[in-house]
Amino acid sequence: MPVADSPSSASTTDRPKLAARAPGSPAGDKRANGSGSVRLRGKTWTARLSLGEAGRSTFSLPTCRTEQEANARLEVLADLAGRLLAAGQIVLGLPLLERAAAREGSALRDVRLAIEQLCRGEARARASGETTFAEFAELVVSGRLAEQYPLHVKALRHPEQYRHKLNHVLGVLGPVPLSRLTLDHADRAISMLPGHLEDSSRQGVAKVIHRILALATYPARIIASNPLPRGWIPKAEDNKAKGSLYPDEDRRLMAAVTIPLSYRIYYGFLIREGMRADEAGRLEPSDLDLERGAVVLDENKTDDPRAWALSPDVVRALRTYFAICPPKERVFIGPSGPLPGRSGAHNFRNHLRRAGIDRPELFETTQSRLNIRLHDTRATFITIKLANGRTETWISDRTGHKSSRQIHHYKRAARKVAELGLGDFAPLDEAIPELNGRGGRLDGSDPMSAAPEAGSPSPSNGASLVRALHHRAPGAVVDHAGQPAAGAPVAAGGPLGPRWATPASDPAANQTEQIEIIDISSASASSSQKSWRDFRPADQRPRRTTRAIFRDSASGATG
C-alpha cells in the first residue's frame, strides 16, 4: 500500500516511543523493559522488542547487511510499535510490524500507511463475511462477478489492463472493508499515484476505482451507495498532436518489399478502412464476405456491431493475397502469429523507417506531440477521407465513433491536407507490388514481364509497352486497373468462393495467351515525351499502331 510518512495529526511527542540501543554498545546486550536490541543469528540480523501486552517479539531483518543497518531498522520498528501501543492496537498491528522489518522502499512505505490507518481507527479486524476492496476487485477482474450477474455485468475483455491500474491503489484501498471505505480513502489513493503518470493514466485509475465501487453498490449490494460523488473522476486534457501518414508516405510503405507482405497488407487495410488495430487483429475469415465486398464486425471495443462495404481496391487486394497466403484462424497472420502482436507500435515505426519515411514529427514525443502509433492508422484514415469529401456518417460507420465531436478533432488536419492537394490513398492492390505483378512472385519470378517481339522498335527508337492481359472469363466486367470489378463473374484467381473454398486450377493455363503490344514511334520523340495521354494537336502526334500478338503457351511460338 502506498503510504505517507507519519501524518501531521500524529506527533511523536504525545505517544510512547520504545528506546533503542545506544550506538556503540555491543550487539545483543539486554535492555531495560520496553527497549529493543539487535542480534546476528547465523547470517541474518534480528531485532527484539518488548511490546507490552503482546510480550517480547523477535523480528527477522533480511534486508540488513550490517549492524548499522540493523540498528536503523530497529529505530523504525520502535517508532511504529510506539504508535500502535498508544492507539491500543499492538495486537492487531503485530503482523504489520513483521512486514515492516522485512520490507524496503515503497513496500515499507505501504506498511507505514497501513499502521497509520490502524492507529486512526480506519482499519480493524474485519468481521466474518465483511468484503474488502481488494477481494471484491478480484471478483470483478477474474470474471466471477460477471458469471454471478450475467445480465448486469460483462466480463472484461482485457482484465490485465484492470490489474495494472489496480496495482497502483491496492496498497491503500486493498485492506479497507467496502462498508467503511470513504471518499478520503479514494482521494488518498489518487494522491499517492506515481508522479510520472500522465493525467490520462490517473483518470484511468480513478475510473477503475469508481467502477468497482459502483458494482459493489449494484448488483452486488455490498454497500448502500457509492461513496464517490459525481465529478470525482479527474479531468484529463488530451491536447497532444498525434501523427498520421500522408498518401505519398503510404505508397512508399506499401511498396517497401523489404517489409513482410503480411504486415503491409495489414497496415494497408487499417489505413483504408479505419478499423482499430486490435479489431483487425481478431478478424476471422468468416467476418469477411469477399464475394460481395463486405465486412461484419460483431465484437469490438464499444460492443456496437457494425458492418460496411469494403473499398473495391481492398477487396481485390485481399482476394489476391489470400490466393498467395490462404487465411487460417485469423485474417492477418504475421511471421510470429496473429497481428498486431504485443509490440505493434514499435514494429510500425521500424517499418516506416525501413520504407524511407523519416518525417521528424512521426518519431518524436514532446510536451505537445506523441510519436506515431499503430492506433494512429485510424487518425490517418479519418484525416485523409475528410480531406477528400467523405461525410462523418460514412466515416463513423467504419471507425465506430459515437459522436460527431470525436471526428471533429481531425478536421483541422484534414483542411491542411485538402489545401496541400495531397489526394487520396493509392488503390491497395496497385500499391503493393506483389499483388499487381510488378514486384514479382514470392519465388522471385515476375509473371507480368515479357520481352518485346523481335524487330519491334527498341526503347531507344521510341516507346514500347508490353502488357499481359489478365485471364478472365468471357464477358467479365473489368475496371480501370485491369482487375475484375467487385461482384463480377471471375475465373480462377478472383474471389475465393463461398467461405474460402480452395481455388480451382486455371482452365486457361494451357490455352493461347493474348498479348497486346502498343507501339508508339516517332523520329523526333524522346524518352521524356512518352506519355499515356498526348495533348498535342492531332496532326503533330506520333503515329500509333497496335498489333495483337498471340503466343502459344505450350510451344512459345507467336503469331
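Before starting I reminded myself that a crossing is right-handed if the near helix is turned clockwise from the far one by less than a right angle, and left-handed if anticlockwise. I also kept in mind that this is a predicted model.

Helices α11 and α15. By that rule I get a right-handed crossing for α11 and α15. I find that the axes of α11 (residues 261-273) and α15 (residues 377-387) come within 7 Å and cross at roughly 45°. That makes α11 oblique to α15. On the α11 side I listed Leu270, Ile271, Arg272 and Glu273, and they meet Thr377, Thr380 and Phe381 of α15. Sorting this contact by class, I have three nonpolar, two polar and two charged residues.

Helices α1 and α2. Next I looked up α1 (residues 67-87) and α2 (residues 90-102), whose axes come within 10 Å and cross at roughly 165°. An angle over 145 degrees counts as roughly antiparallel, so I put α1 and α2 down as roughly antiparallel to each other. Their crossing is right-handed. From α1 I noted Arg73, Leu77, Leu80, Ala81, Leu84 and Leu85, in contact with Ile90, Gly93, Leu97, Ala100, Ala101 and Ala102 of α2. The class tally for α1 with α2 is 10 nonpolar, one polar and one charged.

Cysteines. How many disulfides are there? Taking cysteine sulfur pairs within 2.5 Å as the test, I count zero disulfides. I looked up burial too: Cys64 is buried at 5% relative accessible area, whereas Cys325 is partly exposed at 28%.

Definitions and conventions
Residues are numbered from 1 along each chain as its sequence is written. This is a predicted model: local features need pLDDT of at least 70, side-chain atom pairs count only at pLDDT 80 or more; totals for chains, interfaces and linings use all residues. Side-chain values use heavy atoms; hydrogens and water are left out. Buried means under 20% relative accessible area, exposed over 50%, partly exposed in between (1.4 Å probe, protein chains only). Axes are lines fitted to C-alpha atoms, for helices over the stretch in contact, and angles run from 0 to 180 degrees between N-to-C directions. Helices (H or I, at least four residues) and strands (E, at least two) are DSSP runs, numbered from the N terminus. Angles under 35 degrees count as roughly parallel, over 145 as roughly antiparallel, 65 to 115 as roughly perpendicular and the rest as oblique. Contact means heavy atoms within 4.5 Å. Ala, Val, Leu, Ile, Met, Phe, Trp, Tyr, Cys and Pro count as nonpolar, Asp, Glu, Lys and Arg as charged, and the others, Gly among them, as polar.
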